[in-house]
Amino acid sequence: MHIMEGFLPLYWAVFWWIIALPCLVFGIYQLKKVLEADREALPLLGVTGGFIFILSSLKLPSVTGSCSHPTGTGLSTICFGPWITSVICAIVLLFQSLFLAHGGLSVLGANIVSMGIVGPLAGYGVYRALRDSRVNMYLTVFLVCAFADLFTYFTTSLELALAYPAEVGGIASSFILFMSIFAITQIPLAIVEAVVLTLVFKYIVQLKPDILLRLKIFPEQKIIAARSES
Amino acid sequence: MAFRYRLEILAIIAVLGFCALFLYTSSIMTDAEFAGADTLGSSKVAEITGKAEEEFQPLVWQWAPPSGEIEAGIFALQAAIGGIMVGWVFGYWKGQKKREPIK
């Protein structure tokens with residue numbers, strides 16, 4: 001989902017930075033609050049952040065004959081919400097722009113907005129809608145992860161389309177063009193990513209259900225039901 | 001009623017399906033290079049603007065890994081950092097659980 005360094009005009013790069021910065025500041029503030037309230041949240045943060053590191057380093061081949069990254073942001077979105085997820089994404093994206101020439105410092109703002117803000121926000125919307133509903137807990141996790149991944153790529157396409165409207169058809173037609181590169185490639189990746197992260201969530205439920213209960217990530221009866229099932 | 005390893009089975013099916021899909025596409029699309037979607041996005045930008053890709057110069061100076069091997073190595077390093085964090089925490093939780101089992 002990276003926009004490459006130099007591929008956004010300066011004003012768009014600055015624009016996305018202006019959106020990203022307040023979100024990061026709020027994320028750091030929230031992170032401090034969560035960790036002060038409960039030190040046992042730190043290992044959970046390690047697992048969810050660790051998966052963002054692992055998954056976003058993998059470039060997987062897809063049906064379109066090209067490769068793309070999963071994002072891995074779904075778990076962290078469920079456990080800590082979108083803003084703390086933005087902070088973790090910012091760290092990963094900074095690493096990739098400094099050492100891998102994937103993305104870059106000027107487009108970092110745009111990349112944080114797509115992977116760290118809009119993707120997780122979309123996932124968070126799904127989570128809030130389904131958390132207290134009768135939908136199965138694991139299905140909820142699956143949907144959140146898939147949405148967070150797909151919306152990251154929607155956003156990248158939109159960011160590029162806004163900066164580069166096509167001569168014929170303008171923003172809409174270049175959005176479709178970029179979507180054809182990013183979104184179709186991403187659909188199988190999003191499904192595999194979401195299945196894997198759901199499995200990881202199952203292991204968290206089995207090993208450390210008390211932290212999920214304390215952070216009120218899912219209603220108690222859902223977690224108890226999931227534990228008695230397995 | 002629910003089978004204990006239902007999720008594990010589903011995950012294995014999804015991953016195997018993904019591999020099968022890859023083998024299938026790579027066999028029918030002989031011209032597929034499996035380049036990064038990032039790179040394809042960049043060349044689409046060049047196509048729309050009508051400029052050559054080389055004209056897009058970094059706005060901020062950037063270090064790039066000198067070769068694909070080095071890039072792969074740094075990606076592996078990134079995955080390893082994540083893997084260590086995940087493994088460490090699951091081990092920590094496992095140890096905690098052993099000491100004070102959850103009811």
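**View 1. Contact between chain B and chain A.** In this predicted model, 59 residues of chain B are in contact with 70 residues of chain A. The size of an interface is often given as the accessible area lost when the parts come together. Here the two chains bury about 5600 Å² between them, and 73% of that area is on carbon and sulfur atoms.

**View 2. Polar links across the interface of chain B and chain A.** The count of residue pairs in polar contact between chain B and chain A is 19, with both residues at pLDDT 80 or more. Across this interface there are 2 salt bridges. The side chains of A:K59 and B:E71 form a salt bridge, with an N to O distance of 3.3 Å.

**View 3. The side of chain B that touches chain A.** At least two residues of this side come from each of α1 (6–28), β1 (35–36), α2 (37–49) and α3 (68–99) of chain B. With 18 residues, α3(B) gives the most. Sorted by class, this side of chain B has 37 nonpolar, 12 polar and 10 charged residues.

**View 4. The largest pocket.** The largest pocket holds about 320 Å³ of space. Its lining consists of 18 residues, and A:C79, A:F80, A:G81, A:Y124 and A:L215 are the ones that lie nearest the centre of the pocket. In chain A, α1 (10–37), α3 (74–99) and α4 (108–130) are the elements that give two or more residues to the lining. The most come from α3(A), with 8 residues. By class, the lining has 11 nonpolar, 3 polar and 4 charged residues.

Terms used: Residues are numbered from 1 along each chain as its sequence is written. Chains are lettered from A and ligands numbered from 1 in the order in which they are written. Side-chain values use heavy atoms; hydrogens and water are left out. On a 1 Å grid over the protein atoms alone, a cavity is a set of points where a 1.4 Å probe fits but cannot get out, and a pocket is an open set with protein on both sides within 12 Å along at least five of seven lines; lining residues have an atom within 4 Å of a point. Grid points are joined across faces, edges and corners, and a volume is the space filled by probe spheres set on the points. Helices (H or I, at least four residues) and strands (E, at least two) are DSSP runs, numbered from the N terminus. Ala, Val, Leu, Ile, Met, Phe, Trp, Tyr, Cys and Pro count as nonpolar, Asp, Glu, Lys and Arg as charged, and the others, Gly among them, as polar. Contact means heavy atoms within 4.5 Å. Buried area is the accessible area (1.4 Å probe) that two parts lose on being put together, summed over both. A salt bridge is a side-chain nitrogen of Lys or Arg within 4 Å of a carboxyl oxygen of Asp or Glu. A polar contact is a pair of N or O atoms within 3.5 Å; within protein, one must be able to donate a hydrogen and the other to accept it, and residues adjacent in sequence count only if both atoms are side-chain atoms.
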